Amino acid sequence: MVTTVGYVRHRIAPDDRNAFEEAYAKASEAPAAAPECIDHELSHCQEEPDRYVLRIRWTSVEDHLQGFREGERFPAFFAAVRPYVTAIEEMRHYLTTDVAGSGGAGASGQAAARPVMDAKHAPDAPGTPTIHAWLGGDAALDRLTEVFHGHVREDPGLAPVFAGMDDEHPRHVARWLAEVFGGPGAYTAGRGGHPHMAAQHLGRGITEVQRRRWVDLLQDAADGVGLPADPEFRAVFLHYIEWGTRMAVLYSGDDPPPVDAADVPRWKWGQTPPWQPNG
């Protein structure tokens with residue numbers, strides 16, 4: 001399927017990089033919730049770190065220019081990135097070609113010690129909202145992690161696992177979940193992505209009993225803060241939580257996988273996209 005891909009290239013001074021990434025993390029909430037946007041990603045060049053590329057896949061160029069640009073979400077997006085408009089070196093739309101495929105590193109069985117960090121789902125159909133947008137965005141995840149961490153601090157079995165964690169820990173977990181579920185890449189930009197998250201579990205010796213209790217309390221918190229209760233969302237939410245907590249047990253054990261073996265996982269709807277009425 002031919003897809004419209006928008007590329008926006010910036011050159012950002014070193015002293016402005018943190019503010020620039022924070023601005024785009026905030027701005028990206030708009031395309032994350034837009035039905036015209038398939039997905040988006042901000043990257044910076046390793047050889048020349050002052051160069052950034054924003055990649056956004058749109059359902060069509062018309063949907064971008066007439067749908068998103070003229071819609072209710074664009075003003076918030078533009079307000080966040082306005083200070084960096086003069087730093088744009090290119091802003092164009094490209095059409096994908098049939099030349100595409102996976103590399104050897106993604107082939108099944110090629111790296112037994114490497115954890116699989118991408119949900120094995122077919123791509124979501126154009127116009128499908130991200131899981132992040134469907135559940136209510138960053139604000140909903142902030143509520144979820146605050147309530148959840150209140151529960152675990154009072155739980156006899158889990159309190160030792162979370163002992164010593166600072167007051168910002170719930171917010172960091174919320175940013176991780178946002179990135180996993182298709183939202184802004186703030187965790188990678190500000191915390192170091194998957195290697196940082198994986199390293200937090202090393203040596204903790206998490207048990208299966210603790211893992212199962214973690215899952216139960218998170219589901220209780222999801223009910224408590226009013227996350228969507230539709231079967232499609234709760235199925236894909238629990239799918240990630242089951243996978244993620246089992247990976248946490250592996251990293252906390254005696255023979256953990258390499259912490260730098262993969263990027264942040266990106267979860268999609270797969271077989272159960274959200275039900276939406278026709279029209």
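Predicted model: local features only at pLDDT ≥ 70, side-chain atom pairs only at ≥ 80, totals over all residues.
Local features required pLDDT of at least 70 and side-chain atom pairs pLDDT 80 or more, while totals for chains, interfaces and linings use all residues. Residues are numbered from 1 along each chain as its sequence is written, and side-chain values use heavy atoms, without hydrogens and water.

Helix α6 covers residues 137-153. Helices are DSSP runs (H or I, at least four residues), numbered from the N terminus. The 17 residues should span 24 Å at 1.5 Å a residue, taking 1.5 Å times one less than the number of residues. The end C-alpha atoms lie 25 Å apart, which agrees.

Buried residues (under 20% relative accessible area, 1.4 Å probe, protein chains only) of α6 are Gly137, Asp138, Ala140, Leu141, Leu144, Thr145, Phe148, His149 and Val152. Seen down the axis, they fall within an arc of 155 degrees, so they line one face of α6. The arc is taken from the directions from the helix axis to the C-beta atoms. Their cover includes α2, α5, α7, α8, α11 and α12.

Helices α6 and α8 pack at about 130 degrees, with axes 8 Å apart. Axes are lines fitted to C-alpha atoms over the stretch in contact, and angles run from 0 to 180 degrees between N-to-C directions. The contact (heavy atoms within 4.5 Å) involves, among others, Leu141, Thr145 and His149 of α6 and Val173, Ala174 and Leu177 of α8.

In α1 (residues 17-27), Phe20, Glu21, Ala23, Tyr24, Ala25 and Ala27 are buried. Elements covering them include β1, α2 and α9.

Key:
Helix = DSSP H or I, 4+ residues; strand = E, 2+ residues; numbered from the N terminus. Buried < 20%, exposed > 50% of the residue type's maximum accessible area, 1.4 Å probe, protein only.
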